[in-house]
Amino acid sequence: MAHTLITGCSPRMFFVLVLCWLTAGMRTSIVYAARNMPKGQDRTSFPGCTPLSDSEIATNPEYSTLYQNLQYTGWNASLSDLGAVVTLFAPTDQAFSRFKTAYNMTFTQAIMQPATEAQSDASVLEIFTSYHVTTEALPETNDFHDDQVLPTFLQDNNLTVKVDNRQNPDKISIASYGSKAKIVTPPIYACNLVIYGIDSVLIPEEALTFNEEYDYGALLDSSHDFYRSQWIGALEGHDDIPSWRGDAFTYEIGPARLKWGDISGGLMEGGEAGTVKITPTIAWATSMLAWGMLNFGDGYNNSGADLWAKGKETLRWNTDYLLKTVKDDPVSSALSTKPEFYIVYQVGNQTQEKRLWTRPEEETGTRPTYFVTTYNGTSDLAGQISAALSATAMVFRESDPSYYNQLTKVSALLYDAGKRRRGVYTRGLHYSCVTNQAHAQAELPDCVPGDELFQGSMLATYNSTSWADDLTWAAAWLHTATGNPAYLTDAYRWYNAHYTSTESVGDRQYISWNQVIYPATLLLANITDDNTFHYTIQHYLHNWLTASDDAIEYSGLGRAFNRNDPALAQGMNTAFLALLYAQLIDGSKAPSELSRYSNNSMATQYKFWAQSQARYVLGDVSRSFYVGFGSDAPTHIQDRASSCPKDAQIECNFQNAFYTPNPNPNTLAGALVYGPGLKGDHFVDQRSGSNETWVSHVYNAGLTGVFAGLSQMQGHSSL
């Protein structure tokens with residue numbers, strides 16, 4: 001995908017820097033600044049004082065690309081003329097090769113413009129070079145220390161040092177916003193220059209912009225279409241239902257002995273769960289969708305279609321179902337003397353489900369309902385549902401006050417029950433074999449699958465590991481929805497409980513139905529402007545942007561992923577938080593605990609990073625991972641309904657729908673697939689033998705918010 005300079009710059013250049021004002025005069029200003037910088041070590045202080053032209057950078061073929069760059073820009077002479085020692089981070093030829101491959105470009109197109117090109121091209125090249133030179137003198141590796149900030153010759157753009165003291169004290173990386181390079185050589189000395197070879201090109205991600213816009217409003221619309229493809233229940237009368245979908249599981253009722261009644265509706269979980277309905281994931285996704293509507297409402301309205309009404313319908317479908325999953329527990333209420341509730345956490349037997357591949361509309365057997373009582377401690381489950389109801393209530397507060405009141409009333413009752421008897425709804429479960437969607441291949445060969453161990457219940461897969469983060473999330477949303485300060489007091493209490501207990505040990509730098517402390521933190525930062533919350537969310541985003549945490553990595557093509565859960569959805573969840581936080585601090589005086597953060601640039605950094613990650617998903621640098629859109633989009637999707645033959649008269653089974661090498665007959669437009677996982681950028685588009693084409697309503701939750709935020713940016717509204 002081509003990129004261009006904003007004004008008066010060559011359209012052939014790939015990356016565009018917002019700092020395009022640095023044009024023809026930049027070389028002169030750089031040299032002037034360099035010559036007038038404070039003097040450090042004398043330039044002849046290194047033994048032998050080898051000139052740059054005779055150094056290893058000039059003579060070693062591994063650095064030929066860099067040296068050609070230095071010669072073209074005149075930096076080879078500028079660096080030699082400095083009156084102080086500076087440090088150059090030198091990408092190897094292999095690093096440049098990966099850079100070119102990542103962006104599908106030749107070296108000439110990316111770095112070496114012919115001398116006949118406009119002077120602005122040279123300025124872009126100088127910007128690239130200046131970002132690899134720090135004014136700090138670092139003659140030895142022990143001069144580096146963790147979190148050290150290195151000013152560069154690119155104005156207002158710093159680098160950050162990361163030292164891995166836990167595993168290897170000599171492992172030093174240089175982090176920029178959106179890239180991270182390892183130092184791969186001992187220091188090389190060239191008079192007043194210290195040079196370290198690095199294995200990646202450093203790019204100031206916060207300065208990137210893109211000349212070709214996607215229609216994010218249309219993409220937002222298609223994501224809501226995907227949600228409709230995952231609905232089950234009575235679909236007739238709803239708009240935008242795919243032609244190959246119909247009514248399914250309309251007969252579902254709760255436990256007869258409890259006189260539960262109708263429990264139809266909701267969404268299929270997807271992935272290994274198939275058509276099974278999982279309450280905590282539906283609740284979490286609903287909260288995220290509502291948040292996107294509340295904060296990026298202009299993104300919905302900018303599309304030209306009535307996307308706001310469509311978004312409300314998506315939310316109401318979910319919350320109508322969540323209300324059905326809750327029922328009074330009179331026996332426990334009598335014992336507690338407070339309202340207690342039964343909560344359905346799953347509908348459908350996964351042991352049976354995994355043996356069946358057919359259209360959801362053709363499944364006619366009775367499906368079991370799995371439930372728990374709040375009297376036994378369900379803080380996590382009750383908290384998730386409470387948060388979803390409160391967040392959705394905010395969307396309906398003006399247009400449907402009656403529905404707002406219903407949602408907030410049930411939300412408050414569930415929250416109160418969850419905080420009285422604290423614990424996770426899966427408490428007391430101990431087993432050696434845990435099935436996990438991200439790491440299903442790690443299952444031990446001799447263990448009993450979780451669904452069989454628990455008679456079809458997916459407790460092993462959806463095993464909750466914490467509850468204080470869920471109560472924090474619920475209390476923050478209840479405060480937002482009602483304005484009751486008692487809920488904010490509670491939110492502080494649960495937040496502190498999370499970080500002063502063993503719960504926080506499980507924080508793995510990602511966001512999911514089972515880990516909501518980071519979204520809750522951002523919500524509290526918005527409510528309170530408390531330094532504590534700003535620090536935590538900034539630290540989380542910093543880890544993702546710079547791969548500062550051991551769990552975060554970048555693929556060769558620029559995808560940020562978490563080793564604990566490498567699904568594309570995790571990157572989109574964090575991109576959503578990046579846009580939300582950018583909105584919060586843009587133009588504000590939000591406090592910053594860490595000196596490396598600049599409030600004037602943080603919002604821009606977060607917005608562009610989020611955009612770059614979304615564009616990766618859409619196929620900017622290789623292939624699309626968003627079904628029905630972009631180049632080489634996935635076609636072999638692990639989704640029962642869309643994989644079945646178009647002709648409803650033809651039986652659908654494993655042989656002709658799951659194992660067939662043919663693409664899905666029906667396009668599951670708007671679905672985000674699981675993606676390459678731990679394999680970087682290598683993706684296998686097949687249904688069997690891989691989880692890479694799994695889809696789920698959970699995967700689209702953060703992505704939908706990202707599209708809403710980018711649509712709002714695209715409509716020239718501030719975030």
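Modeller: Let's start with a term: contact means heavy atoms within 4.5 Å. This is a predicted model, in which local features need pLDDT of at least 70, side-chain atom pairs count only at pLDDT 80 or more, and totals for chains, interfaces and linings use all residues. Residues are numbered from 1 along each chain as its sequence is written, and side-chain values use heavy atoms, with hydrogens and water left out.

Biologist: Thanks! Which residues is Thr185 in contact with, leaving aside its neighbours within four places in sequence?

Modeller: Those are Tyr63, Tyr196 and Gly197.

Biologist: What separates the C-alpha atoms of Thr185 and Ala90?

Modeller: A distance of 9.8 Å, although Thr185 and Ala90 are 95 residues apart along the chain.

Biologist: Now the cysteines. Why is the link of Cys644 to Cys652 called a disulfide?

Modeller: A disulfide is a pair of cysteine sulfur atoms within 2.5 Å. For Cys644 and Cys652 the S to S distance is 1.9 Å, so the pair meets the rule. By this rule the count comes to one disulfide.

Biologist: Which hand does the link of Cys644 and Cys652 have?

Modeller: The link is left-handed, with -70° about the S-S bond.

Biologist: Why is Cys644 called buried?

Modeller: Buried means under 20% relative accessible area, exposed means over 50%, and partly exposed lies in between (1.4 Å probe, protein chains only). Cys644 has a relative accessible area of 1%, so it is buried. Cys652 also counts as buried, because its relative accessibility is 3%.
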